[in-house]
Amino acid sequence: MAQKTIAIIGGGPAGLMAAEVLSTGDHRVTVYEAMPTCGRKFLLAGKSGLNITHSEEFERFLTRYGAASGALSDAIKAFTPSNIRSWAAELGTETFVGSSGRVFPTAMKASPLLRAWLKGLEAQGVEIKTRHRWTGFDGNRLRFATPAGETMVQPDATLLALGGASWPRLGSDAAWVPWLQDKGVAINPFRPANCGFDVDWSESFRGRFAGHPVKSVLTTSDAGSHQGEFVISRHGIEGSLVYAHSAALREQLEAEGRAVLVLDLAPGRTEERLTRDLARQDAKASFSNRLRKGVGLEGVKAALLRELVPAANRLAPEELARTIKALPLAVLRPRPIEEAISSAGGVALDALDDGFMIRTLPGVFVAGEMLDWEAPTGGYLLTACFATGRAAAQGVQAFVGTDTEKSS
């Protein structure tokens with residue numbers, strides 16, 4: 001079988017995983033990366049510990065991708081969280097399960113894993129060309145801007161793994177959208193995911209509490225109820241607890257023009273108990289003392305109650321208890337997509353065949369965050385990037401033909 005040339009555009013997790021699969025055959029595999037080095041967003045994620053996957057029950061894991069769960073399930077079933085841990089171990093990176101169920105490298109950083117990964121790819125014959133920015137199609141050829149000038153490539157198959165639209169300074173700038181749209185590829189608009197939201201704080205609250213964490217709070221939206229903490233920002237609210245609700249809040253804003261995140265400021269106490277405890281307080285005491293002694297609310301939590309319900313100090317105990325257990329926090333809009341951890345939108349999943357090839361562009365495959373799916377933080381994002389990179393690579397193998405003995 002004649003050697004085939006395969007171009008992978010994008011040196012992030014999806015592209016590198018595709019290169020690993022494809023380099024086990026007799027094909028010539030080249031990764032083209034616009035930035036000076038590969039895996040920049042991967043390394044940034046690793047600064048806080050690199051949450052590589054999640055250990056929760058697998059059937060529940062699959063539901064984390066929402067409307068895209070069905071389309072992604074086969075790819076993820078073929079490269080599960082357990083497979084990811086084994087793969088990392090083979091590269092010399094042992095992992096552990098944290099108290100939240102999230103899986104991290106024991107070294108708590110991404111760089112050792114990425115170095116070993118790139119070294120392995122080089123040993124398997126993968127050529128990586130950095131500072132090669134894809135600038136679109138020229139007929140059947142791929143056009144790249146390089147330090148030496150423009151160059152053209154005409155591979156036998158192309159796998160696009162260029163990321164979504166978040167963190168453009170790291171390379172995921174969605175510049176590719178018009179080039180695929182010109183080819184008739186359906187692309188859904190990009191929107192921020194795993195993002196903060198703007199809130200109309202008063203100047204006094206913003207000035208005093210921006211940067212303060214709101215700890216031990218239960219939050220509820222159409223995404224369900226989640227407990228943890230979030231952070232007050234100058235613009236609104238941030239943090240993993242907010243990100244768990246970001247898709248639901250964003251969609252509610254788009255559909256209704258308004259959205260509310262409901263806060264339970266005292267998740268450890270029932271409304272009935274709060275009512276009794278508040279009723280016992282001296283009516284002549286200050287509101288701050290009644291909250292502190294009766295409910296244990298002080299600092300940013302007490303201030304948040306005052307900010308969102310200015311007349312809270314005049315509420316009867318039962319009504320105040322009800323408000324503390326279901327405090328409505330109205331959000332105005334998501335923060336800009338450039339600040340988001342990830343993005344929703346991208347190449348429509350129904351524009352692809354079962355091998356992740358674009359139906360209208362034979363020989364062109366897509367993987368990773370370019371595709372229209374989203375998931376919460378917690379290892380789900382990286383897992384789907386790894387899994388779709390492998391699945392798309394297998395689609396490429398089927399398209400160009402592969403030596404099954406060498407790729408098994």
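Select helix α1, residues 13–22, where 10 of the 10 residues are buried. Here buried means under 20% relative accessible area, exposed over 50%, and partly exposed in between, with a 1.4 Å probe and protein chains only. Those buried residues of α1 are Pro13, Ala14, Gly15, Leu16, Met17, Ala18, Ala19, Glu20, Val21 and Leu22. Helices (H or I, at least four residues) and strands (E, at least two) are DSSP runs numbered from the N terminus.

This is a predicted model, in which local features need pLDDT of at least 70 and side-chain atom pairs count only at pLDDT 80 or more, while totals for chains, interfaces and linings use all residues. Residues are numbered from 1 along each chain as its sequence is written, and side-chain values use heavy atoms, with hydrogens and water left out.

**The whole chain**

Next, show the entire protein, whose secondary structure comes to 16 helices and 20 strands. The C-alpha trace spans about 90 × 40 × 35 Å along its principal axes. Of the 408 residues, 51% count as buried.

**The nonpolar cores**

Now select Trp87, Trp176, Leu180, Val347, Trp373 and Phe386, which touch the most other members of the largest nonpolar core, a set of 81 residues. A nonpolar core is a set of buried Ala, Val, Leu, Ile, Met, Phe, Trp, Tyr and Cys residues joined through side-chain atoms within 4.5 Å. Helix α15, residues 380–400, gives the most to this core, with 12 residues. In soluble globular proteins, nonpolar side chains tend to be buried together.

Which residues does Leu180 touch, not counting those up to four places away in sequence? They are Trp134, Phe137, Leu160, Val185, Ile187, Val347, Ile358, Leu361 and Met370. Contact means heavy atoms within 4.5 Å.

**Helix α14 and its cover**

Move to helix α14, residues 317–325, and colour its buried residues: Leu320, Ala321, Thr323, Ile324 and Lys325. What covers these buried residues includes β16 (259–264), α11 (271–279), α12 (287–294), α13 (299–308) and β17 (327–331).

**The second largest pocket**

Select Arg64, Tyr243, Ala244, Ala375 and Pro376, which are the closest to the centre of the second largest pocket among its 38 lining residues. On a 1 Å grid over the protein atoms alone, a pocket is an open set of points where a 1.4 Å probe fits, with protein on both sides within 12 Å along at least five of seven lines; lining residues have an atom within 4 Å of a point. About 930 Å³ of space lies in this pocket, the volume being the space filled by probe spheres set on the points. The elements that give two or more residues to its lining are α3 (58–63), β11 (187–193), β14 (224–232), α9 (240–243) and α10 (246–256).

Select Ser246 in helix α10. Is Ser246 buried or exposed? Ser246 counts as buried because its relative accessibility is 2%. Ser246 touches Ala193, Asn194, Cys195 and Phe197, not counting residues up to four places away in sequence.

Ala174 is in the loop between β10 (157–160) and α7 (177–181). Ala174 has a positive phi of about 60° although it is not a glycine, and with a relative accessible area of 14% Ala174 is buried.

Finish at Ser216 in strand β13, residues 213–221. Phi of Ser216 is near 50°, a positive value in a residue other than glycine. Ser216 is partly exposed, with a relative accessible area of 40%.
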